[in-house]
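Here are my notes on the model you sent. Please read them with the structure open.

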Amino acid sequence: MAMSEKMKKRLKKELIEGVIAIIILICVHCGCQAYIDKQVEEWNAIEYVGISNKVTYNDEVYFKTIEEIADYENTQNYYSSEIYYNALNSQEKFVYDTYKYAYENNITHLFFQESLIDECNYSLTEILEMFALDSPVMEQNLVSGEDECSYTIDNKFLFRYVERELKGSYINIDIFTKEKTEKRQKAIKQAKKIKFDFTEDMTEFDKAKAIYTYMGENVEYVNDDSKDKVKVIMKTHYLYDAICKKKTNCDGFANAFSLLCSLNGIKNFEKTDDPPKDEIGHTWNTVLLDGTWYNVDATASDEVLAEDWTKDLYSGFAYSDKLQTRKHLFPEFAPDCKDDTIFVGCTLKSCDEDGAVRTVAEAFRSTEDDVFVVIIKGKKTTNEQIKDLMQDVAYYLHTSFQTSTVDGANKKIVYVNK
């Protein structure tokens, strides 16, 4: 039977409509795929920080975008000098700021995506150390571990799962626990109750000296002889021990001195060294007093004030880099400390160098100060050799004096009381 014209037109119309429908479906599909591809591209561009309170990075981790970390407003006062922070590049500052976020939220494990730290000149551990040295609130002896790792995460776009591998570095920070944070807050609260008889006409130098004296008279130095150093560090609350318990080690002295200075408007920051393996490190302070930077070793306040003749000596107060016995871990960050409050009489290569007795004797005669310093370079000088030298000097001068010796990494510093 021949197809009527009407039916031909109808079939032609349906065919055209079918083709159009197919074209539309193809366009929709392509559009959806383009949308998915765009979403995947945008998702892959997002950079993440992983956070956790688990023991290892293999446990459950929650991810925060860099925007969430960057937009977080800190609620706590760190009394930070920002000496180290201001010298960092943008990526290093982001890591530093993430530590603040982790500290405030008691997060002990962090993961940084590789692209977030690829331009960092310092390791995650080093930046963590700088965070601690900037602020008296943070301990310097950090129990931390750093390792490379990766995570596989997924997301869903229009019912389609897409996986992505994140490569980067993981670090655990055991001192960011809630218990330790509460200890620090108690110490800050107690420190604010410590009052000094400061007057409006007092210089920053005199105020810092009064704080140094307070530390020596009220805080006792205790050294740890335990074999398990990590266990002791985990139980130690340096700032809390210094302010509330009145017993601490060098880190606690440095933290407490720094906090008391900050509370009284004196700009300061902390320094630490990098000791050889199996040797104990040291932490001290640097303060800006009336426009001049000085080193201050608050730990020495306890040792010096224990001796009658050195009560007014302040051998650990306001001295130059020349008299510093330890090498600073980050010397590129610190301003120079060029001045001393105690006169440096002379410097010797050794106790038995030619003319050593005459050199010290002339320094003794030339200074009008009650106390002067003799620096003896080298690691091999013994206290017995120094004692013999100073006895010869006393005999040469037909007088008597008292001395106190401080050991340095590459020198001995002899304080001579005329």
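**Notes on helices and strands**

1. Start with helix α7. Its buried residues are Phe205, Lys207, Ala208, Ile211, Tyr212, Thr213, Tyr214, Met215 and Gly216. Keep in mind that this is a predicted model. Buried here means under 20% relative accessible area.

2. Now the length of α7. The helix covers residues 204-218, 15 residues in total. From first C-alpha to last, α7 reaches 21 Å. That is close to the 21 Å expected at 1.5 Å a residue.

3. Next, the pair α6 and α9. Helix α6 spans residues 178-191, and helix α9 spans residues 238-245. Their axes come within 8 Å and cross at roughly 35°. The crossing is left-handed.

4. Which residues in α6 and α9 meet? From α6 come Lys183, Arg184, Lys186, Ala187, Ile188, Gln190 and Ala191. From α9 come Leu239, Tyr240, Ile243 and Cys244. By type, the residues of this contact divide into seven nonpolar, one polar and three charged.

5. On to the strands. β9 (residues 283-289) and β10 run antiparallel, joined by five bridges.

6. β9 and β10 form a hairpin, with two residues between them. Asp290 sits in the turn and has a positive phi of about 55°.

7. Why is β10 described as largely enclosed by the rest of the structure? The strand has five residues, 292-296, and four of the five are buried, so β10 is largely enclosed.

Definitions and conventions: Residues numbered from 1 in each chain as written. Predicted model: local features only at pLDDT ≥ 70, side-chain atom pairs only at ≥ 80, totals over all residues. Heavy atoms only, no water. Axes fitted to C-alpha atoms, helices over the stretch in contact; angles between N-to-C directions. Left-handed = near helix turned anticlockwise from the far one by under 90°. Contact = heavy atoms within 4.5 Å. Nonpolar A, V, L, I, M, F, W, Y, C, P; charged D, E, K, R; others polar. Buried < 20%, exposed > 50% of the residue type's maximum accessible area, 1.4 Å probe, protein only. Pairing = 2+ DSSP bridges. Expected span 1.5 Å × (residues − 1).
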